[in-house]
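Please open the model in your viewer and keep the selection panel at hand. This tour tells you what to select next and what is there.

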Amino acid sequence: MFELLGVPPQALFGQLFLGLINGAFYALLSLGLAVIFGMLNVINFAHGAQYMMGAFGAWVLLKYLGIPYWGALVIVPVVVGALGVVLERLLLSRLYHLDHLYGLLLTFGLAIIFEGIARYAFGASGVSYENPIPGGVNLGFMFLPWYRAWVIVFSLAVCLGTWLMIEKTKLGSYLRAAVERPDLVQAMGINVPLMITLTYGFGVALAALAGVLAAPVYSVTPKIGAEIIIVVFAVVVIGGMGSILGSVVTGFGLGMVEGLTKVFYPEASNIVIFVIMAIVLITRPAGLFGTAK
Amino acid sequence: MRLRSLMLGVAAAALFAASAQAQMTDGGIKIGVLTDMSGTYSDLSGGGSVWAAKKAVEDYLKDKPGLKVEVVGADHQNKADISANTARQWYDVDKVDVIVDLVTSSTALAVNQIAKEKNKVALVSGAASSALTGKDCTANTIHWTYDTWSLANGTGNAITKTGGDSWFFLTADYAFGQALEKDTAAVVEKNGGKVLGKVRHPFPAQDFSSFLLQAQASKAKIIGLANAGADTTNAIKQASEFGIVSGGQNLAGLLVFITDVHALGLKTAQGLIFTEAWYWDANDNNRAFAKEYAAANGGKYPTMVHAGVYSSVIHYLKSVEALKGDADGAAVVAKMKELPTDDKLYGKGTVRADGRKIHDMYLFEVKKPAESKGPWDYYKTRATIPAAEAWRPLDAGECPLVKK
């Protein structure tokens, strides 16, 4: 059997594919972060906690209300997104005139509170959520669980939809305009504060959606958000803060890079993304897809 | 300034009290439960361990009204430096005589040294590293509940002897995981099995699909999980997703707690085989303890670590009472080694010269969902590993306390 860099090519394809699946989670999460940062200029540190709330939300719906996965996929993002709207109105909106740091500190504190509540309510070892589409297909080079295939297709669709909405629709043009000159947009009769609130709600809903997607594959624990959010921040920095397309492409790309590292040097697989981040920051401080402001 | 004079007053009073009551330092016994109160291991130790220590004190004091015992708890956040600082503060300033639980090996190893330095006592229930009774053993520490050697020995032996003779390890890339992998590999090879490969994954990790794919490609009959907590549950969950078990390979959890099985659910965890020291549904005493525990801890059930904390505190109090003093930590530990242990949860046992507490271990298998009759009814006992075979031989641990 011929080998590629010491690894059978089948194994390599398999790992690349798995990387793509992980990349789907990175992309969805970093997309939400990028939308929020792009429109609100807020670094939403509570994003991981909101992702965790999504995963627990799916579990609560199933356990206490008997609502299955497919229902959760719609209900949970709406509910968690609404919670985000309340947060934005009540707390975040008071900080827009201050430095980024205040928003970061506020959301960081909120993340710790949410995590603590989840630990109190559900315990540290977490809960289990059943796979809604068990089984899979043998692709020859790997066994592909149906659920993971669904994750890739669905998150690609969501990312594409979000990008189209922001770049190609009238609503999106309002949003982009409001980022550049809120005063002018307001003067045209558009309710900018409402738009900003809804944008935050949308970004949070994306995080919750990723949480629902993650529930069947990962152990649902209060810590899942804290563990993934650091990586996602690195993805956003590499892609370019606030760049929608950048965050999606980098999310999927870095997932694959990480997948390859897991084959060739697994010990380094949790730092490879940060090494790349350091290199990008040195050579292109605005990120791969970002433009310096 | 006023605060400082107040503190001086308190210190003077404490000194005075200490000299007035020569036997017990500062007039009573103080037990510190140093554990993970908020992190990954807080369900299997944490607040439950504080409860178990208090319960042990309550049970022991029932017919001894004269003795004054206090229990305090603190969070070490699974960090060795925080653990060491708290231990120093407790031993030096807060008059703590004995520190119990100590989940996470790095934190236990740190306190192990400090207890020796200050001549106090450390009773380790939560941590796994067998170094505590090996090259790092001291005259002030007892390792109570389980260790990496006994887990590897129990599970490795049972599986290799029943046909699981080729292994692939998924190992958490830090001291604990590597020790567990090394100990298990030795048992597998001793029984004529082969280790076909291993992959060291970062700690903590969330996605194991890539590592599982490598394990699958190795064609090993057994995939050994040399990790703990969420790493183990994630690996098991994803192994089921990727059809590893239905494809003919089996998983061996090398350190699994009942809280992990609870988090996984029986549907995913069924059939898993592993070694533990204690199970709540083994006898009436355990069941009564578990019932009280669950009532006080939000419906959760106790792990072997909680029961170990209970057992170690009972034996400590008994030994201090026999010695009529708690000031000399090494003397208390020597007394604990001299007296046989006997409590309602771990039954009769002994403490060995190297500080190893000796009791039976059990090989458990997780029930199928249909076999489970109630909440937390998760295990069936596959085998009892007698105390004589469950632990590393005394002369094999390189503990300096053991005379050759």
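This is a predicted model: local features need pLDDT of at least 70, side-chain atom pairs count only at pLDDT 80 or more; totals for chains, interfaces and linings use all residues.

Residues are numbered from 1 along each chain as its sequence is written, and chains are lettered from A and ligands numbered from 1 in the order in which they are written.

Select residues 69-90 of chain A, which are helix 3, together with residues 192-214 of chain A, which are helix 8; helices here are DSSP runs of H or I with at least four residues, and strands are runs of E with at least two, numbered from the N terminus. Their axes come within 7 Å and cross at roughly 140°, where axes are lines fitted to C-alpha atoms over the stretch in contact and angles run from 0 to 180 degrees between N-to-C directions.

Next, select chain B and colour domain 1 (2-146 + 283-359) and domain 2 (150-276 + 361-390), whose bounds come from an automatic or database domain assignment. The C-alpha centres of these two domains of chain B lie 30 Å apart.

Finally, show both chains: 35 residues of chain B are in contact with 33 residues of chain A, contact meaning that C-beta atoms, placed from the backbone, lie within 7 Å. On the side of chain B that touches chain A, helix 8 of chain B gives the largest share, 6 residues.

Notes: Two residues are in contact if their C-beta atoms, placed from the backbone, lie within 7 Å.
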